[in-house]
Amino acid sequence: MSRSAHPAGPRHADVMPEGHHAPPPADLNVLDEKVWARTVTRNAEGVATVGGIEVTRLAEEFGTPAYFLDEEDFRARCRAWANAFGPDADVFYAGKAFLSKAVVKWLKEEGLNLDVCSGGELATALAAEMPAAQIAYHGNNKSELEIRRAIGAGVGRIVLDSFQEIARVAHIARELGVRQPVQIRVTVGVEAHTHEFIATAHEDQKFGIAVADGSAAEAVRRTLGHDSLELLGVHSHIGSQIFDMAGFEVSAKRVVQLLAAVRDEHGVELPEIDLGGGLGIAYTSADDPREPHEIAKALHEIVARECEGAGLRAPRISVEPGRAIVGPTAFTLYEVGTIKPLQGLRTYVSVDGGMSDNIRTALYDAEYGVTLVSRVSDAEPMLVRVVGKHCESGDIVVKDAYLPADLAPGDLLAVPATGAYCRSMASNYNHALRPPVVVVRDGQARIIVRRETEEDLLRLDLG
């Protein structure tokens with residue numbers, strides 16, 4: 001069955017006041033290619049498939065809830081980003097979105113770099129033999145042990161986030177006899193159009209060193225004063241789930257102004273500028289993300305224009321897509337447990353997962369679609385709220401969506417675009433067992449992160 005651009009569920013933003021909701025989509029059975037992984041379709045019997053395998057078969061073999069990741073889609077997105085920016089720029093996959101040893105292997109094979117922001121992420125990267133020179137190390141409070149391990153491994157860059165960290169990294173690098181390449185993370189006062197907790201470039205937050213009050217210029221002075229540090233350039237990240245390039249334009253302008261000030265004061269033209277990540281994906285049919293080639297063209301033009309105006313050579317650009325690569329490549333598969341109609345309001349549909357496998361709805365007010373995937377249905381649509389099984393009233397997976405009125409216990413539901421920040425933020429709330437990540441490609445499925453067991457939980461409980 002072919003896919004077309006019909007919504008799998010309405011955006012929460014489309015819900016009208018006073019209990020009036022956006023109308024249901026024309027066809028609840030259609031899978032919108034904007035929000036589903038590239039090989040997801042329906043077979044002749046109406047069952048959704050990924051990589052040529054029916055979700056019913058996947059549920060039988062791997063259980064639910066589970067994350068199913070389309071390897072072909074992931075690799076294609078890596079190539080699209082690498083090709084869009086070309087050999088004169090660097091693409092770093094943001095490992096915090098989702099990281100495993102298999103992912104690291106794919107990144108190496110597709111020619112991408114990797115950024116990490118914890119000792120555990122660095123350990124995963126090194127265990128999967130990512131060349132250390134292709135690793136960038138982020139974080140606002142790296143421990144001395146983490147810094148020592150990163151420098152000892154030979155990471156290609158450490159992104160400095162405070163005055164204390166400048167001194168700390170310089171001291172450890174000197175001890176180890178290394179001249180460590182670094183960047184300085186700056187905040188440029190741009191508040192991206194995103195949720196408060198994922199906007200990262202306004203001054204009142206924990207990341208970076210402010211440009212506006214002169215702190216970033218002082219950070220440059222201190223970094224250049226250490227022989228054990230090699231200052232590659234500056235890093236700016238303005239937020240997440242961003243669709244509008246205007247914020248990047250303002251950010252680039254202020255970063256280039258800082259580079260010009262560094263040239264004027266120190267006679268040094270810093271060779272690199274990292275504009276971070278944060279480009280949005282389609283969680284619902286209402287979202288309209290940009291393609292990598294459009295993003296690359298816009299960023300190159302913005303930086304070139306600002307550098308020409310400042311009389312600077314255009315620096316090498318780095319970007320850090322994480323969600324934009326892995327987010328659309330996976331969906332979460334659930335089994336319906338109970339169905340509870342509330343007269344005049346909506347129907348509550350409970351599934352066998354919840355906030356332990358996707359905290360984003362509760363944490364960020366995130367919006368998702370949801371689709372019945374174990375069969376098709378001609379039943380009338382009903383307004384539903386898909387909730388989890390946890391002892392928490394905020395345990396919501398999808399706030400407002402339409403599903404067929406003949407939905408029944410045992411049906412399989414899938415929530416698309418859950419590749420980023422779902423497994424990586426999963427928890428054991430209520431002692432839930434974190435789901436597996438199953439990779440599907442060319443009719444084959446394999447586990448890359450196994451499901452937790454009760455033995456795993458009890459092994460840590462020393463009694």
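Predicted model: local features only at pLDDT ≥ 70, side-chain atom pairs only at ≥ 80, totals over all residues.
**Close-up 1. Phenylalanine 74 is a buried ring, with a relative accessibility of 0%.**

**Close-up 2. Phenylalanine 74 and tyrosine 93 meet edge-to-face.** How far apart are the ring centres of phenylalanine 74 and tyrosine 93? They sit 5.8 Å from each other, and the two ring planes are at 70°. Planes over 60 degrees apart count as edge-to-face, so that's the name this pair gets. Follow the chain and you'll find phenylalanine 74 in helix α2 (residues 71–85) and tyrosine 93 in strand β5 (residues 89–94). The pair links distant parts of the chain, 19 residues apart.

**Close-up 3. Phenylalanine 74 also pairs with tryptophan 106.** This time the rings are tilted, with 55° between the planes and 5.1 Å from centre to centre. Tryptophan 106 belongs to helix α3 (residues 101–110) while phenylalanine 74 is in helix α2, so the pair ties together parts that are 32 residues apart in sequence. Both of these residues are buried.

Close-up 4. The structure has seven aromatic pairs. Ring pairs also join Trp36, Phe62, Phe68 and Phe331 into a cluster. In another spot, arginine 222 lies over the face of phenylalanine 163, 4.0 Å from the ring centre.

**Close-up 5. Helices α8 and α9 pack against each other at about 35°.** Helix α8 covers residues 246–266, helix α9 covers residues 292–310, and their axes are 9 Å apart. The crossing of α8 past α9 is right-handed. On the α8 side, the contact uses Phe248, Glu249, Ala252, Lys253, Val256, Ala260 and Arg263. The α9 side brings in Leu299, Ile302, Val303, Arg305, Glu306, Cys307 and Ala310. What classes of residue make up this contact? There are nine nonpolar residues and five charged ones, with no polar residues.

**Close-up 6. Leucine 372 sits in strand β16 (residues 371–372).** Is leucine 372 buried or exposed? With a relative accessible area of 3%, leucine 372 is buried. Leaving out residues up to four places away in sequence, leucine 372 touches Arg42, Ser377, Leu403, Pro404, Leu407, Asp411, Leu412 and Leu413. As for tyrosine 334, its C-alpha atom is 9.8 Å from that of leucine 372, and the two residues are 38 residues apart along the chain.

Terms used: Residues numbered from 1 in each chain as written. Heavy atoms only, no water. Axes fitted to C-alpha atoms, helices over the stretch in contact; angles between N-to-C directions. Helix = DSSP H or I, 4+ residues; strand = E, 2+ residues; numbered from the N terminus. Left-handed = near helix turned anticlockwise from the far one by under 90°. Contact = heavy atoms within 4.5 Å. Nonpolar A, V, L, I, M, F, W, Y, C, P; charged D, E, K, R; others polar. Phe/Tyr/Trp six-rings, centres within 6.5 Å; stacked < 30°, edge-to-face > 60°. Buried < 20%, exposed > 50% of the residue type's maximum accessible area, 1.4 Å probe, protein only. Lys NZ or Arg CZ within 6 Å of the ring centre and 35° of its normal.
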